[in-house]
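Here are some notes to read alongside the structure. Each point takes up one part of it.

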Amino acid sequence: MRRTIVVTFLITLLCAPLFASSPLPKSGMEPITVRMVGVIQPRDVEIVITDEAGAELTSGEGLLVFDFPALEQWDVTQSLRFSYSSHLASNKRGYLSFQFDEVSSDDNDSLRVSLELKSDDRYNTRVENGNTFNTLFVAGYQDTTPMGTLTVRIQKNINDIYTAGLYSGVISMTYTEES
Amino acid sequence: MNKKLIVLALVLLIAVGGLFAGDGLPGAGLTANDGSAVTATLKGVIGSSFRHGFKTGDGLYQPTANNDGQDAFTTPPQLIYGYEAKNGVGFTSVMTVSGFKNGSNVVDIASVTITVGDVDTVKNTITDSTEIPVLTYTPSNSLVAAEATIKVTPGSTEGKDVGTYESELSISIVTE
């Protein structure tokens, strides 16, 4: 009996190669690899100004229109919001300063105008000298990040006498970066 | 001698003989002994063949390729993968693709589109270890070629640091 088992085992061994399939060739079977590259380019600071209605001031000049009430005294304001978007490789500090000329009429009457600056991001923007936003532009992708709000206030006291007519003035902005 | 022992010895002899039998290489043997006939033995082997890779402009399959330094975030890379095979074992080519990495920043893969003929297969949820079948092969006695276009679309780069990111696409062969 034992010999029969041995013989059967040997015959099985003998026949096994007959059923083996031809293997894939080893050469050329290695995994293949390709590297792909993507680049995120830095994008400089872009300051966006929006008015109280949320409209973006896109051109180099914006127009603010004030309607003065027919009262003995009044206080009218309009605000502009400043925000920025950027994609910087490293932090950068910038200064946005405001100056205004007199708002006057053709008769040389000048209105009482003041600018009020308020930071909308107390961690990265602070107001300096009452007329400058000192902002730290943070590295990395920044999408519409608030800086601050500029409010233009025009007041008339009871004792002020202004002639009727059109008054106009200019507010200019200057942006500088820390070198 | 015992009959069973003779059978056993015979079987052993055949078995041992099988160990030395090989596929052999193509060639010819020629023996000539004095006073005997000259015998020439000819052997031929039909071998299996296989190669795979990324197709280049000249139509060859190269083992590696790159996307020519093109910015993948601007234009999603598109590669043509193919194989030529003739053998008795079926297989599937399976790809993995990593996210685009730059240090700890990773831009995920939004989708992989595999086009075979006119049929698009889109895979949307992809991690570094996701295995995506590309092409399959069924055993054939003639040389078979197949190819697929692989398009890798990176995800959003919003919030990611500025810099150069790299992704690795690998294709392995998994036999049946």
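1. A cross-strand pair in chain A. A:Arg126 stands opposite A:Asn134, a residue of strand E8 in chain A. The model is a predicted one, and the points below should be read with that in mind.

2. The strands around that pair. E7(A) and strand E8 of chain A, which covers residues 132-137, are joined by 4 bridges and run antiparallel. In general, strands of a sheet pair through backbone hydrogen bonds, in either a parallel or an antiparallel way.

3. The sheet they belong to. In chain A, 4 strands make up an open sheet in the order E7-E8-E4-E11, with antiparallel pairing. Strand E7 (125-128) and strand E11 (171-177) of chain A are at the edges; each has a single partner strand, so one side of each has no neighbour in the sheet. From one strand to the next, the twist averages 20°.

4. A:Asn129 lies in the loop between E7 and E8 of chain A. Its phi is near 55°, which is positive, and the residue is not a glycine. Most residues other than glycine have a negative phi. A:Asn129 counts as exposed because it has 8 C-beta neighbours inside 10 Å, and the cut-off for exposed is 12 or fewer.

5. A positive phi within a strand. A:Thr144 is also not a glycine, and its phi is positive at about 50°. A:Thr144 is placed in strand E9 of chain A, residues 140-156. With 10 other C-beta atoms within 10 Å, A:Thr144 is exposed.

6. Chain A as a whole. The chain has 1 helix and 11 strands. Of its 179 residues, 12% count as buried. Among the contacts in chain A with a separation of 6 or more, 77% are between residues 24 or more positions apart.

7. A buried residue in chain B. Is B:Val97 buried or exposed? B:Val97 is buried, because it has 23 C-beta neighbours inside 10 Å and the cut-off for buried is 20 or more. This residue is in strand E7 of chain B, residues 91-97.

8. What surrounds B:Val97. Apart from neighbours within four places in sequence, B:Val97 is in contact with B:Ile109, B:Val112, B:Ile126, B:Val152, B:Ser167 and B:Leu169. B:Leu169 is 72 residues from B:Val97 along the chain, yet their C-alpha atoms are separated by 4.3 Å.

Notes:
Residues numbered from 1 in each chain as written. Chains lettered and ligands numbered in written order. Predicted model: local features only at pLDDT ≥ 70, side-chain atom pairs only at ≥ 80, totals over all residues. Helix = DSSP H or I, 4+ residues; strand = E, 2+ residues; numbered from the N terminus. Contact = placed C-beta atoms within 7 Å. Pairing = 2+ DSSP bridges. Axes fitted to C-alpha atoms, helices over the stretch in contact; angles between N-to-C directions.
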